[in-house]
Each structure stands twice: as C-alpha cells, then as structure tokens.
Amino acid sequence: MFNFLADAPRHFFFTGKGGVGKTSIACATAVRLARQGKRVLLVSTDPASNVAQVFGVAIGNKVTQIPAVPGLAALEINPDQAAAAYRDKILEPVRAILPIKEIEAITEQLSGSCTTEIASFNEFTDLLADPEMTRDYDHVIFDTAPTGHTIRLLQLPGSWTSYLDNGKGDASCLGPMSGLEKNRATYRAAVQALTDPTRTRLVLIARAQQSTLREVARTLEELAELDIHATNLVVNGQLSASAATDDLSRAIHAREQTALSGMPAALAALPRDTIELKSVNMVGLDALESLLDERVDVAAAEEPQTSGNDVTMPRLAALVDELAQADHGLVMAMGKGGVGKTTLVSIRA
C-alpha cells in the first residue's frame with residue numbers, strides 16, 4: 001500500500017512541476033478509490049487539463065460521469081467559462097433596469113484578469129468548502145496546474161479572507177470584487193480545509209531529477225508559510241535497478257539515485273512513495289490501473305502507425321544559423337510542461 005493512499009482523507013491535492021505525472025497519478029488514485037466502492041469527484045484546476053484525454057471522455061466545465069468507472073465523475077474548471085458565468089451572474093439582475101451603455105461599461109469592467117481569477121477561485125473554493133456542492137462524493141481529488149499556478153490558487157482563500165476581515169471589501173460594487181463579502185464564510189472554510197491534514201492531503205509529485213526535486217522542496221517551504229503543510233512525496237517514473245541493463249539506463253539510474261540522495265532534508269523527511277517507470281503511456285483504464293499496481297507492469301502498447309502525411313520541418317540548428325546571419329529574429333519554444341523547452345532554449349542560446 002502506498003503511503004499517500006493510506007486512510008484516504010476527504011480531499012487530495014496533487015501538485016508539482018509540469019510533466020512529472022500529476023494528472024496520471026490523480027486519475028489513477030480516483031480510479032482506485034472508485035473501484036473500492038467510493039464516490040469520487042476528480043477536479044482539474046489546470047487551464048491546459050488533459051483529464052478528458054486520459055479517460056477518452058469529453059468533460060469540460062461541468063461534472064461528467066466516467067462511464068467505464070462507476071462512482072467516478074470529473075470536472076475541468078475552465079477559466080474562460082467560469083468568468084463568463086460570473087459575469088452573467090452579476091449582470092443578470094441589472095440588465096432590465098440599466099441603459100445598454102452602462103451594461104456595456106460593466107461588461108468591460110468584468111473582462112479583466114481579476115474577474116477570471118476570482119471566477120475560477122470561486123469554483124475552487126465552493127468545491128473545497130461547501131458541503132452541499134460535493135455531498136454526493138466521498139472524496140474530491142484536485143489535479144492541479146504546474147506549481148506556480150497552484151501556489152497562487154492556494155494563497156487566494158487566505159488572501160481574500162484577510163482582505164475582507166480588514167474591512168477593505170466593498171460588497172456594493174459591481175466590479176470584479178462584487179460578491180466577495182457574501183462568500184466570506186466559504187473562504188474561511190476553504191482556509192480551514194486546506195490547513196487541516198485530516199481533511200486534506202497535499203501530495204508533492206516529482207521525478208527523480210534535481211530540477212523537479214528542487215521545485216517541490218521550494219513548494220514545501222512556500223506552502224508552510226501559508227500554514228499549509230504538504231503531507232507526502234511521490235517520486236514518479238523512477239527507473240528500477242533491475243531495468244538498468246545497458247550503459248544508458250545505468251547512467252540514468254545512477255543520476256536518479258544521486259538526485260534522491262541529495263534532496264533537501266525537509267523534503268526527505270516526508271513519507272515517500274516511489275512509482276517505477278512503466279512501459280506504457282498513461283492513457284486508458286488498463287494503463288491507469290497498472291500505475292499504482294506494484295506487482296505488474298502491463299506490456300508496452302503497440303506504436304501507432306503514422307498517417308503518411310508527416311510534415312518535414314527544418315532542423316532547429318539551421319534555423320538558428322539563419323537568424324544569426326540576419327542578425328535578428330525570434331525563436332519560440334513551445335510545448336507541454338516537462339518536455340524540455342527550457343533546456344532546448346538554453347542550448348541554442
């Protein structure tokens with residue numbers, strides 16, 4: 001039994017650097033608890049969520065049942081949709097009584113980043129703190145965005161509670177701050193849930209790499225400053241000694257062991273679980289259920305066939321050389337978290 005699954009609490013949070021496997025572990029945890037007869041709600045707070053891809057089900061900004069797993073439902077908090085719903089909620093009572101120009105002015109006022117932040121934040125805190133919102137579930141599992149976004153999200157309940165307690169809130173305004181006062185109790189309950197380890201288990205996910213271990217160590221410190229204490233560390237995708245059978249794999253294994261032995265003491269003190277590197281992509285139920293199965297690794301899936309329409313792209317080195325000769329230009333490295341954008345840009349620089 002993995003430490004982070006023992007005596008499962010009401011709430012789970014999985015956080016860590018992009019690309020370490022948060023979504024896979026969150027989904028696998030949700031499936032395992034549902035298979036045990038629990039009613040589970042899996043919530044993604046990542047704007048670039050791929051929970052739907054993992055389960056092969058269209059989800060979006062509404063609670064959706066996962067047909068293949070009785071008892072499991074999922075929700076992807078979409079910031080844009082949350083902001084639109086928030087604007088409609090504020091504007092609906094005044095549409096019939098205010099001139100169109102004033103409605104347009106208020107709509108513009110409610111179109112900034114602050115509105116988007118508060119709207120997403122309200123959905124998050126309702127799920128965390130309002131028993132009525134999640135009364136049909138035994139467990140609520142939060143699959144979070146990469147660390148920086150998550151830290152900001154976890155700071156907000158305390159920030160807004162302090163803001164209101166200091167008398168700075170103006171519940172009469174129709175701007176983005178409107179409605180914060182009436183949510184005071186919800187925000188306070190969210191803070192209590194986040195800081196209570198018997199109700200909320202915050203699991204740090206990392207790879208056996210110096211960069212991801214440094215990031216979760218920093219997260220551990222930043223959360224502690226908010227009186228939110230991470231409870232567990234999961235090292236995902238670690239190459240086992242038995243799998244290190246050639247020069248390359250032995251070098252990877254040795255590098256991972258060096259990173260683990262050098263992790264900060266506070267991080268090393270957390271209960272730690274290791275999930276070994278699997279031979280399949282974590283998409284589909286069979287793969288998800290194998291992720292937390294310490295006894296077996298399912299056979300590697302057959303590689304998908306190419307369509308024959310592959311586009312030949314110029315080599316990056318040639319593009320950089322061309323820009324260097326022109327003495328101007330721009331190269332943008334884009335992709336999913338954890339794929340090596342920073343490393344690639346640093347090399348080319």
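**Entry 1: helix H1**

I began with the buried residues of H1, and I listed Lys22, Thr23, Ser24, Ile25, Ala26, Cys27, Ala28, Thr29, Ala30, Val31, Leu33 and Ala34. I use "buried" for under 20% relative accessible area, "exposed" for over 50%, and "partly exposed" for values in between, with a 1.4 Å probe and protein chains only. The model is a predicted one, in which local features need pLDDT of at least 70 and side-chain atom pairs count only at pLDDT 80 or more, while totals for chains, interfaces and linings use all residues. Residues are numbered from 1 along each chain as its sequence is written, and side-chain values use heavy atoms, with hydrogens and water left out.

Helices (H or I, at least four residues) and strands (E, at least two) are DSSP runs, numbered from the N terminus. I noted that 12 of the 14 residues of H1 are buried, so the helix is largely enclosed by the rest of the structure. From its first C-alpha to its last, H1 reaches 20 Å, close to the 20 Å expected at 1.5 Å a residue; the expected span is 1.5 Å times one less than the number of residues. Just after H1, I found Gly37 with a positive phi of about 90°.

Is Lys22 buried or exposed? I recorded Lys22 as buried, because its relative accessibility is 7%. Lys22 lies in helix H1, and its side chain reaches the backbone oxygen of Lys17 at 3.2 Å. This is a polar contact (a pair of N or O atoms within 3.5 Å; within protein, one must be able to donate a hydrogen and the other to accept it, and residues adjacent in sequence count only if both atoms are side-chain atoms).

I then looked up the partners of Lys17. Lys17 forms a salt bridge with Glu215, with the closest N and O atoms 4.0 Å apart. This pair links distant parts of the chain, 198 residues apart: Lys17 is in the loop between strand S1 (11-15) and helix H1 (22-35), and Glu215 is in helix H8 (residues 210-225). A salt bridge here is a side-chain nitrogen of Lys or Arg within 4 Å of a carboxyl oxygen of Asp or Glu. Lys17 is partly exposed at 30% relative accessible area, whereas Glu215 counts as buried at 15%. A network of salt bridges links Lys17, Glu215 and Arg218.

**Entry 2: other salt bridges**

How many salt bridges does the structure hold? I noted seven. Among them, Arg95 pairs with Glu92, the closest N and O atoms being 3.6 Å apart. Arg95 is partly exposed at 38%, and Glu92 is exposed at 52%. I also recorded the salt bridge of Glu132 and Arg135 at 2.8 Å, N to O; both residues are exposed.

**Entry 3: helix H3**

I checked helix H3 (residues 79-91), whose 13 residues should span 18 Å at 1.5 Å a residue; its end C-alpha atoms are 18 Å apart, which agrees. Its buried residues are Ala82, Ala83, Tyr86, Arg87, Ile90 and Leu91. They cover an arc of only 160° around the axis, which puts them on the same side of H3. The arc is that of the directions from the helix axis to the C-beta atoms.

**Entry 4: a nonpolar patch**

Lastly, I looked up the surface patch of Leu330, Met332 and Met334, a nonpolar one with about 420 Å² of accessible area together. Patches are made of residues with over 30% relative accessible area and no salt bridge; like charges are joined within 9 Å, and nonpolar side chains (Val, Leu, Ile, Met, Phe, Trp, Tyr) within 5 Å. Accessible areas come from the Shrake-Rupley method with a 1.4 Å probe; for residues, only the protein chains shown count as cover. Leu330 is in the loop between helix H12 (316-326) and helix H13 (341-348), and is exposed at 65% relative accessible area.
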